[in-house]
Amino acid sequence: MGAGDTSWVLVSAALVLIMTPGVAFFYGGMVRQKNVLSIMMQSFSSIMVVGILWALIEYSLAFAPGNPIIGGLQWLGLRGVWFSPFSAYAPDIPQLAQMVFQAMFAVITPALIIGAFAERVRYGPLLLFIALWSLVVYAPVAHWVWGVDGWLHSMGMLDFAGGTVVHMAAGTAALASALVLRPRHGFNGSVIEPENVPLVVLGAALLWFGWFGFNAGSALAANGLAALAFVNTFLATAAAGLTWTLVTWAVRGKSSVLGAMAGLVAGLVAITPAAGFVDPMSAMAIGVGAGLVTYGAALLRVRMKLDDSLDVWAVHGMGGMWGAIATGIFADVGAVGLLYGGVHQFLVQLLGVAVVGAYVFTVSLILFKAIDRAFGFTVARHEEAVGLDLSEHGETAYPEI
């Protein structure tokens, strides 16, 4: 057992945990004042609900040896998950450390989806959605891509830290929600202005900080691979943020702070699947591509008049898709991408993106429709007008003095 590796993985788990509160601030700054507390509560609820499910059953479904589709049940309630390592995942850290590190990935994924239907959903049905989606979407997809006997893993699909499992999955579910759930009152394809851009900046800073644990921690060791992922995470993010800033400046004649923060997050998303498989110059190229792809997707979403409230599909869905495909193009560390003759790797990445996208979209669509029909997913118009802070939680972020 390596003390240094174990320490790094535990610190990384804490870094990834801070990302979900980072999402709360990021989203909280983009909604209107009357919905700030609700979006923050929804984000923290993802930690609470998925954290418990992860320990009870979801870790076993995602990572226990089973079959190519789903993990077995031998690790239910963390039975047998103890101090010894499980060498197929990490040979010199306790399995408990690997388990809790992966738990942080599971809890943030539904929290990302929440931004798609911000300002209009009921809290009770949302909790049900988080639980069901995590079990029937996240767990099997994680097993396919990362499980020791997952079918995409066996084919050699590359996803270093969750570009497909976390971000593309969240963004695809966001698209499904925008097609099923009614839009916000007054939405007609126009932009609803954020209430607090400094909160968005704070959230982006927390995300960038925590993302070093997200990506570099996925080496599951304190080694050169972790260092590579760390450097790539920094460079790709800077490149994507600068790209979004310059494109916005060219199109609108102004450099947008909100746009820069969105671009930074897009870069973080896109480098995630590639972080340990590409060199730093390729990481910057992936970041530039992320800025262009996600900015274009955001414009397309507006043109389509889809009320994905906080552009989860554009930033996470399309950013994650680009990152997964770009991994198959630029990989030159431990794998061979298309630029270096790796046609097979590129085709495997395309297959993985297509299958995961289709599965996540279909099941998410069914969940949204079923929960909406059974319980009513969205609040009444008068409750939306009052704001979810008061109507759902009986509190307000900014009480009058």
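**View 1. Surroundings of D5 in the predicted model.** Leaving aside residues up to four places away in sequence, D5 touches D92, I93, L220, A221 and A222. The structure shown here and in the other views is a predicted model. D5 belongs to helix α1, which covers residues 3-30. Although D5 is buried, it has no salt bridge. The nearest side chain of opposite charge is that of R79, 27 Å away. The side chain of D5 does, however, reach the backbone nitrogen of A222 at a distance of 2.8 Å.

**View 2. The salt bridge between D307 and R120.** The side chains of D307 and R120 form a salt bridge, with an N to O distance of 3.5 Å. This pair connects distant parts of the chain, the two residues being 187 residues apart. D307 is situated in the loop between α10 (280-303) and α11 (312-330), while R120 is situated in the loop between α3 (95-113) and α4 (123-146). D307 counts as buried because its relative accessibility is 3%, under the 20% limit. R120 is also buried, its relative accessible area being 0%.

**View 3. The salt bridge between D307 and R184.** D307 also meets the side chain of R184 in a salt bridge, here at 2.7 Å from N to O. Again the pair links distant parts of the chain: R184 lies in the loop between α6 (163-180) and α7 (197-216), 123 residues apart from D307. R184 has a relative accessible area of 6% and is therefore buried. Which residues make up the network of salt bridges that includes D307? The linked residues are R32, E119, R120, R184 and D307. A search of the whole structure finds 7 salt bridges.

View 4. E384 and R381 form a salt bridge in which the closest N and O atoms are 3.5 Å apart. Both residues lie in helix α13 (residues 381-386), and their separation of 3 residues corresponds to about one turn of the helix. Are the two partners buried or partly exposed? E384 is buried, with a relative accessible area of 4%, whereas R381, at 43% relative accessibility, counts as partly exposed.

View 5. L338, V343, L347 and L350 make a nonpolar surface patch of about 310 Å². One of these residues, L347, is placed in helix α12, which covers residues 343-375.

Technical notes:
Residues numbered from 1 in each chain as written. Predicted model: local features only at pLDDT ≥ 70, side-chain atom pairs only at ≥ 80, totals over all residues. Heavy atoms only, no water. Helix = DSSP H or I, 4+ residues; strand = E, 2+ residues; numbered from the N terminus. Buried < 20%, exposed > 50% of the residue type's maximum accessible area, 1.4 Å probe, protein only. Lys, Arg positive; Asp, Glu negative; His and termini not counted. Salt bridge = Lys/Arg side-chain N within 4 Å of Asp/Glu carboxyl O. Polar contact = N/O pair within 3.5 Å; in protein donor to acceptor, adjacent residues only side chain to side chain. Contact = heavy atoms within 4.5 Å. Patch = residues over 30% accessible without salt bridge, like charges linked within 9 Å, V, L, I, M, F, W, Y side chains within 5 Å. Areas by Shrake-Rupley, 256 points an atom, 1.4 Å probe, with all protein chains shown as cover.
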